[in-house]
Amino acid sequence: MHLSIFKSVAFITLCLTTFALSAAPFTPKDDAVIANSNSTLSASLSVEEINTLVTNSQYVGQTERLQGLLKTRLAQLYKHTPSSQIGYLYARALQKEHLFNEAIDIANNVLIKEPQHSNSHLLLANIFMTQGKFAQAKKHCVALIGHVSTITASTCVLDVQSQHESVLDSYQALVKIINNNQTSLATNHVLSEMSYRLNNYKQALSHLQSVDLVQAPVSLIVLWADIQIALNQPQQVLNTLSVLLPDKGNLEDAILLRLSIAEKKLNKRDKKWQNTMAQRVTLRELRKDSFHASDLAKYYLDVQPNREKALYWAHINWQQAKMSTDEQLLIQAKAMQRDTL
């Protein structure tokens with residue numbers, strides 16, 4: 001899954017209190033039908049319970065669990081009861097599968113009924129930003145002004161602005177707006193990401209110094225790992241990420257990839273994570289899985305160098321996402337091709 005999707009879920013969830021944003025991991029009712037393979041989801045699950053499952057989808061081991069079933073259930077609910085809450089949750093489920101046009105249509109329908117629906121504005125801002133439609137993204141950020149905190153609206157605007165204008169100017173403006181006030185995890189995430197793109201890795205890490213990675217969204221964990229790798233601290237990545245989830249087979253591709261990169265940098269004889277990631281890559285390629293194109297491109301750049309495959313998957317990713325990190329991935333793949341010809 002593209003990291004901007006992870007980031008969107010985290011940002012929307014952490015910035016606002018429209019829905020149950022601090023929900024604990026959901027435990028089904030005793031009579032809820034969830035098959036051994038999680039192949040069915042009880043139609044009796046309430047909207048609140050579905051909201052909790054969607055909210056929890058930002059966490060390690062949860063990002064793709066029940067995704068298809070939730071989308072199907074939300075489609076049914078939206079057909080019969082197209083409320084703002086159901087519409088917003090359905091649009092988020094569609095966004096996660098890169099069904100951007102469908103998600104935009106549903107979110108816009110929500111805004112027709114409820115023009116000040118902040119979550120839908122944030123969702124649309126992220127989708128348009130991912131598509132490289134920065135003017136449209138900024139429009140939805142600006143629509144938040146007066147309905148959410150100044151810092152939340154400013155974070156949205158400056159995050160978008162940093163993708164196509166000066167990252168440094170956006171970072172400095174956001175720091176000035178914060179003015180040493182306490183900020184949300186989402187704003188710290190954006191500040192850290194901006195610092196990372198400015199190659200100021202120590203500053204990037206400082207924005208995450210109080211974060212409990214066990215409770216953090218996947219996008220933030222991946223950013224933290226990228227910073228540690230940039231600081232040449234791969235052992236820290238292995239020590240921390242390897243204990244995040246007891247079921248290692250359920251780790252997200254992006255996290256497995258960082259574990260593989262860290263393991264390779266340490267030149268360990270045991271290639272546990274590289275072998276696990278290789279198996280995952282084989283599966284993704286057999287399925288022609290464009291959903292994980294950015295991870296596949298980075299794998300062939302940093303773990304198992306292959307200029308043809310890196311460029312192929314970087315192009316696939318670019319077709320779907322046009323943020324600065326996606327552009328950089330394509331540039332790196334092209335440079336790799338030139339350097340190795």
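Reader: Is R284 buried or exposed?
Author: R284 is buried, with a relative accessible area of 8%, where buried means under 20% relative accessible area, exposed means over 50%, and partly exposed lies in between, using a 1.4 Å probe and protein chains only. Please keep in mind that this is a predicted model, in which local features need pLDDT of at least 70 and side-chain atom pairs count only at pLDDT 80 or more, while totals for chains, interfaces and linings use all residues. Residues are numbered from 1 along each chain as its sequence is written, and side-chain values use heavy atoms, with hydrogens and water left out.

Reader: OK, and which residue does R284 form a salt bridge with?
Author: The partner of R284 is D289, with the closest N and O atoms 3.5 Å apart; a salt bridge here is a side-chain nitrogen of Lys or Arg within 4 Å of a carboxyl oxygen of Asp or Glu. D289 also counts as buried, at 11% relative accessibility.

Reader: What about E285, which side chain does it meet in a salt bridge?
Author: E285 meets the side chain of K309, at 3.7 Å from N to O. K309 lies in helix 17 (residues 307-320) and E285 in helix 15 (residues 272-286), so this pair ties together parts that are 24 residues apart in sequence. For the numbering, helices (H or I, at least four residues) and strands (E, at least two) are DSSP runs, counted from the N terminus.

Reader: How many salt bridges does the structure hold?
Author: There are eight salt bridges. One of them joins R258 and D226, at 2.8 Å from N to O, and this pair links distant parts of the chain, since R258 is in helix 14 (residues 253-265) and D226 in helix 12 (residues 218-230), 32 residues apart. R258 counts as buried at 3% relative accessibility, and D226 is buried at 12%.

Reader: Switching topic, how many helices and strands are there?
Author: The chain comes to 18 helices and zero strands. Buried residues make up 55% of its 341 residues. Helix 2 (residues 47-56) is mostly covered, with nine of its 10 residues buried, among them E49, N51 and T52.

Reader: I'd also like to check the backbone, so what is phi of K288?
Author: Phi of K288 is near 50°, a positive value in a residue other than glycine. As background, most residues other than glycine have a negative phi. K288 sits in the loop between helix 15 and helix 16 (293-302), and K288 is exposed, with a relative accessible area of 70%.

Reader: And H98, is that one buried or exposed?
Author: H98 is buried, at 14% relative accessible area. Phi of H98 is near 65°, again positive in a residue other than glycine, and H98 lies in the loop between helix 4 (84-96) and helix 5 (100-113).

Reader: On to the rings, how many aromatic pairs are there?
Author: The count comes to four aromatic pairs, where rings of Phe, Tyr and Trp (its six-membered ring) pair if their centres lie within 6.5 Å, and planes under 30 degrees apart count as stacked, over 60 as edge-to-face and the rest as tilted. The rings of Y78 and Y90 have their centres 5.7 Å apart and their planes at 45°, so that pair is tilted. Y78 lies in helix 3 (residues 67-80) and Y90 in helix 4, so the pair ties together parts that are 12 residues apart in sequence. Y78 is buried at 15% relative accessibility, and Y90 is buried at 15%. The pair of Y196 and Y201 is also tilted, because the ring centres are 5.5 Å apart and the planes are at 55°.

Reader: Last one, which residue lies over the face of W318?
Author: K322 lies over that face, at 5.4 Å from the ring centre; a charge sits over a ring if NZ of Lys or CZ of Arg is within 6 Å of the ring centre and within 35 degrees of the ring normal.
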